[in-house]
Amino acid sequence: RPGLEGGLPPSRMAQTPGQNMIEIKGDVAHRLEANGALDQIRAQMRASVYRALLGDQDSSETAPQEDAVEVPVPMVSLVTDFLEHWDLSMTKEVFLRETSQKPIARDDLVNELATLMPLPANQAVLEQVLAAARQRRSGVPEVIPEESQR
């Protein structure tokens, strides 16, 4: 009799419970990926794994790896500022644990780079540096999107 099976389509009625669960998991994963939540979950997992492996120590206290490449402090500071500006705290935490350098304070970074180019304070320093470099190359000022356009 139609309708007694709970209204499931015929293709679903023939599936085993395991197949249904796989289909549901796939649908949930697709929806999480579509709305950006899956990337956030992955970032949280990476940060949690680093915390579990290295403890809750400050990233500046981690011992540098023997084969770690020395990254220039200004580069680490630029990336850190960018990640902070865009509220990518989990990615920032993983980045700082992977690098052997401690970033300098944002004000110090801005002061260091201000001798090379003027830097407005309302954007990530990396964005400002890229805009200034593009402007120098093309001769046309580049418009950087405001924070309200995130």
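How many helices and how many strands are there in the protein chain? There are seven helices and zero strands. Helices (H or I, at least four residues) and strands (E, at least two) are DSSP runs, numbered from the N terminus. From the N terminus on, the order of elements reads α-α-α-α-α-α-α.

This is a predicted model, in which local features need pLDDT of at least 70 and side-chain atom pairs count only at pLDDT 80 or more, while totals for chains, interfaces and linings use all residues. Residues are numbered from 1 along each chain as its sequence is written, and side-chain values use heavy atoms, with hydrogens and water left out.

Begin with the chain as a whole. It has 150 residues, of which 21% count as buried. Buried means under 20% relative accessible area, exposed means over 50%, and partly exposed lies in between (1.4 Å probe, protein chains only). The accessible surface comes to about 10,900 Å². Carbon and sulfur atoms hold 57% of that surface. Accessible areas come from the Shrake-Rupley method with a 1.4 Å probe; for residues, only the protein chains shown count as cover. Now take contacts, meaning heavy atoms within 4.5 Å. Among those with a separation of 6 or more, 54% join residues 24 or more positions apart.

Next comes helix H2, residues 17–34. The expected span of a helix is 1.5 Å times one less than its number of residues. For the 18 residues of H2 that gives 26 Å, and the end C-alpha atoms are 26 Å apart, which agrees. Just after H2, Gly-36 takes a positive phi of about 85°.

Helix H4 covers residues 73–85. Its 13 residues should span 18 Å, and its end C-alpha atoms are 18 Å apart, so the two values agree. Which residues of H4 are buried? They are Val-76, Ser-77, Leu-78, Thr-80, Asp-81, Leu-83 and His-85. The buried residues of H4 pack against helix H5 (89–98), H6 and H7.

The loop between H4 and H5 holds Asp-87. Asp-87 has a positive phi of about 55°, although it is not a glycine. Most residues other than glycine have a negative phi. Is Asp-87 buried or exposed? Asp-87 is exposed, because its relative accessible area is 62%.

Now follow the chain to H7, residues 125–138. H7 has 14 residues and reaches 20 Å from its first C-alpha to its last, close to the 20 Å expected. The buried residues of H7 are Val-125, Glu-127, Gln-128, Val-129, Ala-131 and Ala-132. These buried residues pack against H4 and H6. Just after H7, Gly-139 takes a positive phi of about 80°.

Where do nonpolar side chains gather? A nonpolar core is a set of buried Ala, Val, Leu, Ile, Met, Phe, Trp, Tyr and Cys residues joined through side-chain atoms within 4.5 Å. The largest one has six residues: Leu-78, Leu-109, Val-110, Leu-113, Val-125 and Val-129. Helix H6 (106–114) and H7 each supply at least two residues of this core. H6 gives the most, with three residues. Look at Leu-109 within the core. Leaving out residues up to four places away in sequence, Leu-109 touches Pro-74, Ser-77, Leu-78, Ile-104 and Val-125.

Return to Glu-127 in H7. Glu-127 counts as buried because its relative accessible area is 15%. What joins the side chains of Glu-127 and Trp-86? A polar contact of 3.4 Å does. A polar contact is a pair of N or O atoms within 3.5 Å; within protein, one must be able to donate a hydrogen and the other to accept it, and residues adjacent in sequence count only if both atoms are side-chain atoms.

Trp-86 also takes part in an aromatic pair. Rings of Phe, Tyr and Trp (its six-membered ring) pair if their centres lie within 6.5 Å; planes under 30 degrees apart count as stacked, over 60 as edge-to-face and the rest as tilted. By this rule the count comes to one aromatic pair. The rings of Phe-82 and Trp-86 have centres 6.5 Å apart and planes at 50°, so the pair is tilted. Phe-82 is partly exposed, because its relative accessibility is 27%. Trp-86 is likewise partly exposed, at 26%.
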